[in-house]
Amino acid sequence: MLFTQAIKKFQEWRHFKTARVTNTAYLVNLRQFCVYMRNCDVRLVTIEDVLQWFKIMEDLEYDRNTFISRAMTLRKFFEFLAKLPLPVLDPWLIPVPNKLHRIPRVINEDQYRQLLAVIPTATNDPRHIRNRAIVKLLWDTGARNGEICALDLEDMNFVEKKALIRTEKAKSRPFREIFWTDDTNTALAYWNEKRAHLESRMEFVERGA
């Protein structure tokens, strides 16, 4: 079975099992390894091939923590293939490095003010209005970019200035509340007004639709 064919089977199986974001990350990792292996028969992949791929990424100074997702992707992939069953590489031979814990990089208040300062205020450009609202919301809540982008209007309470977000990082507590200030609420209300005006003049198409 060619590597590309095996990827398709794996993708079809995971489609009903995990979140779309996770599936996309797995697919990217597998495609990269497939290119490295030149779309060989998946049964020919050896642990030496995997280790050499890691060595090349190490030589290219990839962040050490990025090896974890790639290693886990290959483990899951070959574990699936072994259960088909196919005579493939033992997934548990693939080493998964320990995560290197670093202090998160965050901006201070001066940097936040400088960032806001480059976004025009005397403007009717919806991009500037949207960006100012997003930056303020990120600053107030400490939420991740993906969590903010995944918010829908119905998730947000503009009276109590709070929202319930879903995070895949905390499996035991997949939901948490975030709160924002009056100033951010005003920026959000302005963006919602502009967004409604745009919707009345054009059709919004969801990405991937």
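Phe3, Phe10, Trp13, Tyr26, Phe33, Tyr36, Trp53, Phe54, Phe67, Phe77, Phe78 and Phe80 are joined into a cluster by ring pairs (rings of Phe, Tyr and Trp, the last by its six-membered ring, pair if their centres lie within 6.5 Å; planes under 30 degrees apart count as stacked, over 60 as edge-to-face and the rest as tilted). The model is predicted: local features need pLDDT of at least 70 and side-chain atom pairs pLDDT 80 or more, whereas totals for chains, interfaces and linings use all residues. Residues are numbered from 1 along each chain as its sequence is written, and side-chain values use heavy atoms, without hydrogens and water.

Across the whole structure, 14 aromatic pairs were found. Trp13 and Phe80 form a stacked pair because their ring centres lie 5.1 Å apart and their planes meet at 25°. This pair connects helix 1 (residues 3–14), which holds Trp13, with helix 4 (residues 66–82), which holds Phe80, across 67 residues of the chain; helices (H or I, at least four residues) and strands (E, at least two) are DSSP runs numbered from the N terminus. Trp13 is partly exposed at 40% relative accessible area, whereas Phe80 is buried at 12% (buried, under 20%; exposed, over 50%; partly exposed, in between; 1.4 Å probe, protein chains only).

The charged end of Arg14 lies over the ring of Tyr26, 4.0 Å from its centre, and that of Arg64 over the ring of Phe67, at 5.5 Å.

Technical notes:
Lys NZ or Arg CZ within 6 Å of the ring centre and 35° of its normal.
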